[in-house]
Amino acid sequence: MSKTVLITGAASGFGRGVAFGLAKRGHRVIAGCQIWPQVWELRNAAKAEESDMQVIKLDVLNEIDRAKALGIEIDILFNNAGIMESGPMVEIPMTVFRSVFETNVFAALELAQGFARAMVRRGAGRIVWTSSVAGLVKVPFDGAYAASKHAVEGICSAMHEELKPYGVEVLTVNPGAFRTGFNDTGMESMDQWWDEGERVVGHWPVRELTHQHDPAEMIEAIIEVIEAEHPPYRTVRPASAEAMVRKEQQDAWSTLI
């Protein structure tokens, strides 16, 4: 059955792939992009593929954009927009740390709250959050992003139980390392501020990310979660990442300092 799906962060990566995939499968897709040039580019890309997805400006940090989006009646929110900022926890500027939480946690929660209220009144709806494998394990030198995704995990687990009695489903998708460019630029981001002060710990070792996976695998999994009648609460891809998460979480109970 066709659904109306709003996607944040649809200009690139998983959001873009899921938007095109769902539109091809007959769903009404509303694709949110952060800035107007992205809106223009995605509209033209959709036109070239003869896709009838609706592309809107939706900077999740912008109150006007959020309010306009919340006026749309949807069946499913794909809460996908996010940023990554790297750097050791003892060095990362607090303004940078806060910016990660503003986008990945606070803005995402405001959208989820707004749409959840409408879904509760209707007695149906689904909110799919892009979390991360980083929200389930330790990630040295990427602690700000990992902390934001640990926060997403806490929010989603609470919302899942709180909204279940009202017919509203809350679940997560947890990507590992995929070739969308998100991880590559996230690693690079600390170089913007690293030379601005004296450092007491070493820089993240510069290395090429050569073991990332084809994003098509994650996009397909997300589409399955959005369409499934009874999806799992958590979907981790690739399988090797799921195995790593399970092992690390188990090892944490026996690791000595």
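**A short tour of the predicted model**

Select C33 first: this cysteine is buried, with a relative accessible area of 1%. Buried means under 20% relative accessible area, exposed over 50%, and partly exposed in between (1.4 Å probe, protein chains only).

A word on the source: this is a predicted model, where local features need pLDDT of at least 70, side-chain atom pairs count only at pLDDT 80 or more, and totals for chains, interfaces and linings use all residues. Residues are numbered from 1 along each chain as its sequence is written, and side-chain values use heavy atoms, with hydrogens and water left out.

Next, pick C156. C156 is buried too, at 0% relative accessible area. How many disulfides does a search of the whole structure find? The count is 0. A disulfide here is a pair of cysteine sulfur atoms within 2.5 Å.

Now select F178. F178 sits in the loop between β6 (168–175) and α6. Its relative accessible area is 0%, so F178 is buried.

Move on to D184, in helix α6 (residues 182–188). Helices (H or I, at least four residues) and strands (E, at least two) are DSSP runs, numbered from the N terminus. D184 is partly exposed, at 32% relative accessible area. Select E188, D191, D195, E196 and E208 as well: with D184 they form a negative surface patch. Patch residues have over 30% relative accessible area and no salt bridge; like charges are joined within 9 Å, nonpolar side chains (Val, Leu, Ile, Met, Phe, Trp, Tyr) within 5 Å. A salt bridge is a side-chain nitrogen of Lys or Arg within 4 Å of a carboxyl oxygen of Asp or Glu.

Last stop: V201, in the loop between α6 and α7 (215–227). V201 is partly exposed, at 34% relative accessibility. Together, V90, V200 and V201 make a nonpolar surface patch of about 270 Å².

How values were computed:
Accessible areas come from the Shrake-Rupley method with a 1.4 Å probe; for residues, only the protein chains shown count as cover. Lys and Arg count as positive and Asp and Glu as negative; His and the chain ends are not counted. The place of a charge is taken as NZ of Lys, CZ of Arg, CG of Asp or CD of Glu.
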